[in-house]
Amino acid sequence: MDKRVLSLVRVAAWILVTAIVAITLVPIGLRPVVTADPGIERAAAYALTFLLLTFGYPRRWPWILLAAILLAGGLEAGQTLTGTRHGRVDDFLVKAAAALAGGLVGLALAAWAARRLPVRASG
């Protein structure tokens, strides 16, 4: 796979991690709303983020999946420290499950890409 593409995937993944942290901890009035169901937004954000992380760092997948659970739990706990947010177990479960599902898809895509696409150096 082209190393430039891999670099872009990694940068996008870290941008999404940063966005998740910020959006989760800002006051509720500043949280962007994309759909009528915040559960869909949570699931999509975590699934895409951890898909990109495991695709971008396939050899580190166990740590990434552990980080997914820790991030979801830590941010839910962190919401209890804000005045307008609240951490909930069901939100944690949605986030953690979506992150794990996305991560496993990313791992499968990385394995497929490694078999199908030759590694090309940039430049």
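The expected span of a helix is 1.5 Å times one less than its number of residues; helices are DSSP runs of H or I with at least four residues, numbered from the N terminus. The model is predicted, so that local features need pLDDT of at least 70 and side-chain atom pairs count only at pLDDT 80 or more, whereas totals for chains, interfaces and linings use all residues. Residues are numbered from 1 along each chain as its sequence is written, and side-chain values use heavy atoms, with hydrogens and water left out.

**Exercise 1.** Determine which residues of helix 4 are buried and which helices they pack against.

*Solution.* Step 1: apply the classes of relative accessible area, namely buried under 20%, exposed over 50% and partly exposed in between (1.4 Å probe, protein chains only). Step 2: the buried residues include Asp91, Lys95, Gly102, Gly103, Gly106 and Ala113. Step 3: with contact taken as heavy atoms within 4.5 Å, the buried residues pack against helix 1 (3–25), helix 2 (38–56) and helix 3 (61–79). Step 4: by contrast, Ala111 is partly exposed, at 34% relative accessible area.

**Exercise 2.** Classify Gln79 and Trp63 as buried or exposed.

*Solution.* Step 1: Gln79 is found in helix 3, and Trp63 is also placed in helix 3. Step 2: Gln79 has a relative accessible area of 4% and is therefore buried. Step 3: leaving aside residues up to four places away in sequence, Gln79 touches Thr24, Leu25, Arg85, His86, Gly87 and Lys95. Step 4: Trp63 has a relative accessible area of 64% and is therefore exposed.

**Exercise 3.** Identify the residues that touch the most other members of the largest nonpolar core.

*Solution.* Step 1: such a core is a set of buried Ala, Val, Leu, Ile, Met, Phe, Trp, Tyr and Cys residues joined through side-chain atoms within 4.5 Å. Step 2: among its 20 residues, Tyr46, Phe50, Leu53 and Leu71 touch the most other members. Step 3: helix 1, helix 2, helix 3 and helix 4 each supply at least two residues of this core. Step 4: beyond four places in sequence, Leu53 touches Ala13, Trp14, Val17 and Ile64.
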